[in-house]
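Q: Could you walk me through this model before I set anything up with it?

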Amino acid sequence: MDAQLKRGVLDVCVLAALKNEDSYGYKIIKDVRPVLSLSESTLYTILKRLEDAKMISVWTKEFEGRLRKYYHITSKGIRRLEEFKEEWKELNSIYLYIVRGSRYE
Amino acid sequence: MNKREFLNELERNLRGLPKDDIEGRLSFYSEMIDDIVASGKTEEEAVLELGGIDNVLADIACDTPLKSLVKEKMRPRRKASGLLILILILGFPLWFPLLITAFVLCLVGCLLTWIFVIVAYSIEISFIVSSITCLAAFFMYLASGDNLIILVGLAILLAGVSILFLYVCKYITIFNAKLNKKILLGIKRGLIKGGNRNE
């Protein structure tokens, strides 16, 4: 996939991975990878960016004697997901136009 | 390479990043390895699943914009003392020309990679112009009938060569773009590695 296009949807994919329940790094990777390939480094960068934008919050929990970071989607993050769905509708009509071509008669 | 070695190597090669970023990444990869191990793999296998230290470092260089690296490099480590300022002022005639030289050298380096592209396209244009000239000469000599075959032959030959050479131009351009990308990645990796940080 085109790198620019991918960058745009990766953030949303990570948010979507947190939509139903809080999750941690390894699980997010496992969730997103079947849909879109991403490296651990990329995930770190995205999580940081989303946290700075206050779309996710971070909390730690003890797991098997070590600390594990969990990520929680905030109301701002949920709003971003909703926005993306609207943007997607626009994109979809552009897609339909590209596939169909001109229809003016 | 086990978890400890991986994290040590990672820390050693990330010194050019902001401090909290290094800590953040180290704990992120540490947790990642723990979770892969919890899924039933050895530490060595976990490091391999992450792609190995070299790939991880390359990924980090790819994901870090050059701007933020330079910004981190420029950040003053400590307050400038009076003596330091005095030395800077007195040493101006020395360090200013050095700075200018370094800047010009960087500029020349950037231009140098483009020189091949410019030369290739110049040759391409000269082939096209020569071919058209031969064709024009053919029409000019049409009445007198001199050298007609040679001129047509040359025009076709040069046109053919120019078409072939277009592929060479394309290859050189692509090669140059790749080279520039590699150089940028190399510079970024160098900056991330940091090294002589006196903190």
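Q: What scores does the model get for ipTM and pTM?
A: The model scores ipTM 0.82 and pTM 0.67. It is a predicted model, in which local features need pLDDT of at least 70 and side-chain atom pairs count only at pLDDT 80 or more, while totals for chains, interfaces and linings use all residues. Residues are numbered from 1 along each chain as its sequence is written, and chains are lettered from A and ligands numbered from 1 in the order in which they are written.

Q: And what pLDDT does chain B average?
A: Chain B averages 86, with 95% of the residues at 70 or above; pLDDT is the predictor's confidence in each residue, from 0 to 100.

Q: How many bridges join E1 and E2 of chain A?
A: There are 8 bridges between strand E1 (residues 56–63) and strand E2 (residues 66–73) of chain A, and the two run antiparallel. Strands pair if DSSP finds at least two bridges between them, and the elements are DSSP runs numbered from the N terminus, helices being H or I with at least four residues and strands E with at least two. A:Phe63 stands opposite A:Arg66 in E2(A).

Q: What is the phi of A:Glu64, and is A:Glu64 buried or exposed?
A: A:Glu64 is not a glycine, yet its phi is positive, about 50°, and it sits in the loop between E1 and E2 of chain A. A:Glu64 counts as exposed, with 8 C-beta neighbours inside 10 Å; for C-beta atoms placed from the backbone, buried takes 20 or more others within 10 Å, exposed 12 or fewer, and partly exposed lies in between.

Q: Where is A:Lys54?
A: A:Lys54 lies in the loop between helix H3 (40–52) and E1 of chain A, with a positive phi near 60°.

Q: Switching topic, how many residues of chain B are in contact with chain A?
A: 14 residues of chain B are in contact with 12 residues of chain A, contact being C-beta atoms, placed from the backbone, within 7 Å. The largest share of the chain B side, 9 residues, comes from H2(B).

Q: Which residues have the most contacts inside the largest nonpolar core?
A: They are A:Val14, A:Leu47, A:Leu50 and B:Ile192, in a core of 32 residues; such a core is a set of buried Ala, Val, Leu, Ile, Met, Phe, Trp, Tyr and Cys residues joined through C-beta atoms within 7 Å. H3(A) gives the most to this core, with 5 residues.

Note on methods. Contact = placed C-beta atoms within 7 Å.
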